[in-house]
Amino acid sequence: MSDVVPQARGAIALDAAACTSCMLCVKECPDWCIHIESHNEEVSEPGARRPRSVAVLDSFTIDWGLCMYCGICVEVCPFDALQWVSTHDYAAAEADGLRHGIARLEEFGPSDQR
Amino acid sequence: MSAPPGELWEPWAAAVARHVADGYDRLDLLTAVDRPQSEQIEVVIHLVRRPADGGLDEVWGHTLLDRAAPVLDSVTDALPSAAWHEREIHEMFGVEVRGHPDLRPLLLHGIDGPPPLRKDTPLVARIETPWPGAEETGRRRVSVPGVPAEWLEQR
């Protein structure tokens, strides 16, 4: 990974633990290349009067075949769950290989930038 | 939307030819912008000159066409490399290019329909593809960024 400028927009890494499934990135994406599936779970905490509803991320997919690397998703994420990384060597032989789920998006991280 | 720097060049082809004669003979950009609010199509050119002592001079020129019946004078006499770009403007914006040597289709072979880069030309993929940001819950209508509401009503 030498010869890549430090601020290269190579890929976008996901920190799934930071993601709250708020859908802001999905809604702002001009290319419609991000898909999120989530469900709500009730969490009971000691001392709390009633259980809290928490969104749980089921799937998070970026289709690099559609992405134009504009970075709007990175900018709108209120929880820094999306970060630029300079990794760029993830070409695929078929279109489906460019659709990365949580596991592959997390492998890009942590960010080597900033 | 802010316009690139530069002046209106009238008449267009003569102004381009004058700049080419003045040494601005490298064509960097020639394209169009659809401006439906003012019922115009704007044509933009960016020419570059390399002075002998190094450095780079640049100049921007614009012209405005009537959107209902846009006609552009070709600049290929002065700048042969503009031919390809004018073909693209013809095809993508529906502009008649007067005096162009060859206006055969460039990319849209066998595709009929309104010029694709006019802002009121619906993007079929944006109408047929379900928007991933749509949520099932709630009756609130959500606006889809970059997609006019009337396109989505065609679903």
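1. The largest nonpolar core, in this predicted model, has 28 residues, and A:Ile34, A:Phe60 and A:Trp64 have the most contacts inside it. A nonpolar core here is a set of buried Ala, Val, Leu, Ile, Met, Phe, Trp, Tyr and Cys residues joined through side-chain atoms within 4.5 Å; buried means under 20% relative accessible area, exposed over 50%, and partly exposed in between (1.4 Å probe, protein chains only). Strands E1 (11-14), E2, E3 (52-63) and E4 (82-85) and helices H1 and H2 (72-76) of chain A each supply at least two of its residues, and E1(A) gives the most, four. Helices (H or I, at least four residues) and strands (E, at least two) are DSSP runs, numbered from the N terminus.

2. The model is predicted: local features need pLDDT of at least 70, side-chain atom pairs count only at pLDDT 80 or more, and totals for chains, interfaces and linings use all residues. Residues are numbered from 1 along each chain as its sequence is written, chains are lettered from A and ligands numbered from 1 in the order in which they are written, and side-chain values use heavy atoms, with hydrogens and water left out.

3. Beyond its neighbours within four places in sequence, A:Ile34 is in contact with residues including A:Cys25, A:Phe60, A:Cys73 and B:Pro132. Contact means heavy atoms within 4.5 Å. A second, separate core has 23 residues, among them B:Leu47, B:Leu79, B:Met92 and B:Phe93.

4. Between the chains, nine residues of chain A are in contact with 11 residues of chain B. The buried area (the accessible area, 1.4 Å probe, that two parts lose on being put together, summed over both) is about 890 Å², with 61% from carbon and sulfur atoms. A:Met23, A:Lys27 and A:Trp32 supply 74% of what chain A buries against chain B. The count of salt bridges between chain A and chain B is zero.

5. Over all chains there are 11 salt bridges, each a side-chain nitrogen of Lys or Arg within 4 Å of a carboxyl oxygen of Asp or Glu. A:Glu45 and A:Arg52 form one at 2.8 Å, N to O; A:Glu45 is partly exposed at 38% relative accessibility, as is A:Arg52 at 44%.

6. B:Arg87 forms a salt bridge with B:Asp102, the closest N and O atoms being 4.0 Å apart. B:Arg87 lies in helix H2 (residues 82-93) of chain B, and B:Asp102 in the loop between strand E6 (96-98) and helix H3 (124-128), 15 residues apart. B:Arg87 is buried at 15%, whereas B:Asp102 is partly exposed at 23%.
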